[in-house]
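Subject: A structure for you to look at

Hi there,

Here is the structure I promised to pass on to you. Have a look at it first, and then read my notes below.

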Amino acid sequence: MKFRAKIVDAACLNHFTRVSNMVAKLAKACTLRISPEKLNFIVSDKVANGGVSMWCELDQENFFSEFQMEGVSAENNEIYLELTAENLSRALKTAQNARALKVKLTNKHFPCLTVSLELISASSSSRIVTHDIPIKIIPRRLWKDFQEPAIPDADVSIYLPVLKTMKSIVEKMKNISNHLIIEANLSGELNLKIETELVCVTTHFKDLGNPPAGEFCAVCSFTFPTCFRGTVAEISARTPGGLWLPMSHARGESRQPAEAAGRAGLLGLRAVPALRFPGTLVALLCPCLPAPHPGWHHEAEEVSSFLLRSQVWCSQ
Amino acid sequence: MPLLTPQIQDENDYSLVASLDNVRNLSTVLKAIHFREHATCFATKNGIKVTVENAKCVQANAFIQAGIFQEFIVQEESVTFRINLTVLLDCLSIFGSSPMPGTLTALRMCYQGYGSPLMLFLEEGGVVTVCKINTQEPEETLDFDFCSTNVINKIILQSEGLREAFSELDMTSEVLQITMSPDKPYFRLSTFGNAGSSHLDYPKDSDLIESFQCTQTQVNRYKISLLKPSTKALVLSCKVSIRTDNRGFLSLQYMIRNEDGQICFVEYYCCPDEEVPESES
């Protein structure tokens, strides 16, 4: 097993830092999947327990100037490892002004992901900061738990409004209510709504347009925790029974697409970042309920950080 | 917009209708008195007065004159209701408190009368938000009986002169002592905290002081925890008038200029904490 990669481009480095920050906000532990073409950050809390799942995909060639890897074996040319996302994000804190980033798999008494940053210095001598992040190699037999999820169809798809506006609205609604009701239809209308004893607030968006993927269904409505802080590039959801959300289409679209579906079930959030990094994708899945449910608050924190990050990320 | 049509037809049913092109002209002033959750609103044909009180010792009033609004109709002599100010402010700033340049949030506010919710219709860039805020039974507000004929000392100064002093008040001190006098030290703010006492003197002829009308030496103490919230208004204001009456009651009047250059006033009343013993003054 071998892995060694290098980023020299400042924009790529910045982007990679943002991705890792987002993952760190979402989950304590995450899985990193390394394959010759792609790098995946995977969070797979059990959705049944109200947890949030995430699938983040980065095309290796868009980020790394050098990328060498050798998987477990020739036919299984992949590496799955578990790490504390916070550690990676902390290691990359110094990356802001770094000239280059090197990541490699090392064994220093225990397996580590070694992150070295070459910093800019006023003098000619270069400074290098190295972090060793302890990791756990995930054995081959557990890989099946971390596969790219299957894609169910969405009932309703809708493009989201300007993220900044939506973010501000959701933030204010979050102050007032624990749950947000999202309504969307195939006529390009989206409502964000909260209802409490004190106040009812509804924001109506219209003329948003629907991605061609949506086919049928009148109006769908579901409840979503308002603890989410930021906003999304894309939302999608499906009726109960399924596990994951669609994430194959709309890659590299210049407009931020959104999909929402299901009278109840799962809400998917998908961030499609700037065109600069085609093939990069973050998808997050969280359960949503037909009625407010107190058990929601836990995972909502994770959703919130995701949204917060993806907003920053998408608005690049 | 189907939501707005019926509401325009029923205009006569509302005891209060107010429209504003820039919601920030209202929200900014309300933020200046937002130190408690609830506020009482009084609307007359002259405008709206919003009152917030704490501990029966301090009262803040924000005055938004009818002229600030593009449309302002009050059907009754006066309209009074109590409202959750936190929620109201969240609703007013739902499109964000620092909007993108060139975009304004328009507001239309309607109230049908006793027992009805306050309806807000906010619009920005074609997106409409409708808020229905339940109103509450109005509470009796304090009458400080602060009469200008009883005013002993009055100083008007540029807010910047007080801003730093207030933001850096020694919060370990329980009281803020205000000395106003026709003689030295003229105008002094004192705190008595864990780390010692501090005195801040303003000379009478300072450029910051616009008007100095002190007739008698007065030394009064006010609970610092009650005065601190007035910093919110101070930060927004351009001028402040500090007055004390014969009972030692304090009135702070803040002049706030909104984005359209119109003037609004926010007023704080506070009662003195205790009599200062002769020996100390």
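**What I found**

Over all chains, the structure holds 14 salt bridges. Please keep in mind as you read that this is a predicted model. As background, side chains of opposite charge can pair when their charged atoms come close. I will come back to two of these pairs after a look at how the chains meet.

**Where chain A meets chain B**

How many residues does each chain bring to the contact? Chain A gives 18 residues and chain B gives 23 residues. Together the two chains bury about 1,700 Å², and 59% of that lies on carbon and sulfur atoms. Three residues of chain A stand out here: A:Lys172, A:Leu198 and A:His204 supply 34% of the area that chain A buries against chain B, more than any other three residues.

Two elements of chain A give two or more residues to this side, namely helix 4 (163-176) and strand 12 (199-205). Helix 4 of chain A gives the most, with 8 residues. Sorted by type, the residues on the side of chain A that touches chain B are 8 nonpolar, 6 polar and 4 charged.

What holds for salt bridges across this interface? The rule finds 0 of them between chain A and chain B. Polar contacts are there, though: 12 residue pairs are counted between the two chains, with both residues at pLDDT 80 or more.

If you want a place to start looking, find A:Cys200, which stands opposite B:Lys132 in strand 9 of chain B.

**Inside chain B**

Chain B is divided into domain 1 (16-136) and domain 2 (151-270). The centres of these two domains, taken over C-alpha atoms, are 28 Å apart. In the contact between them, 22 residues of domain 1 of chain B meet 18 residues of domain 2 of chain B. The area buried between the two domains is about 1,700 Å², with 54% from carbon and sulfur atoms.

Which side chains form the 1 salt bridge found across this domain interface? They are those of B:Arg24 and B:Glu259, at 2.6 Å from N to O.

On the domain 1 side, helix 2 (24-31) and strand 4 (58-65) of chain B each supply at least two residues. Strand 4 of chain B has the largest share, 7 residues. That side of domain 1 of chain B divides into 11 nonpolar, 9 polar and 2 charged residues.

Another salt bridge joins the side chains of B:Glu71 and B:Arg108, at 2.9 Å from N to O. This pair links distant parts of the chain, 37 residues apart: B:Glu71 is in strand 5 (residues 71-74) and B:Arg108 is in strand 7 (residues 106-111) of chain B.

**Two backbone details**

Most residues other than glycine have a negative phi, and most peptide bonds are trans. The peptide bond from B:Lys184 to B:Pro185 is cis, with omega near 5°. You will find B:Pro185 in the loop between strand 11 (175-180) and strand 12 (187-193) of chain B. B:Lys56 has a positive phi, near 55°, and sits in the loop between strand 3 (47-54) and strand 4 of chain B.

Enjoy exploring!

Terms used
Residues numbered from 1 in each chain as written. Chains lettered and ligands numbered in written order. Predicted model: local features only at pLDDT ≥ 70, side-chain atom pairs only at ≥ 80, totals over all residues. Heavy atoms only, no water. Contact = heavy atoms within 4.5 Å. Buried area = accessible area lost by both parts, 1.4 Å probe. Salt bridge = Lys/Arg side-chain N within 4 Å of Asp/Glu carboxyl O. Polar contact = N/O pair within 3.5 Å; in protein donor to acceptor, adjacent residues only side chain to side chain. Helix = DSSP H or I, 4+ residues; strand = E, 2+ residues; numbered from the N terminus. Nonpolar A, V, L, I, M, F, W, Y, C, P; charged D, E, K, R; others polar. Pairing = 2+ DSSP bridges. Domains from an automatic or database assignment.
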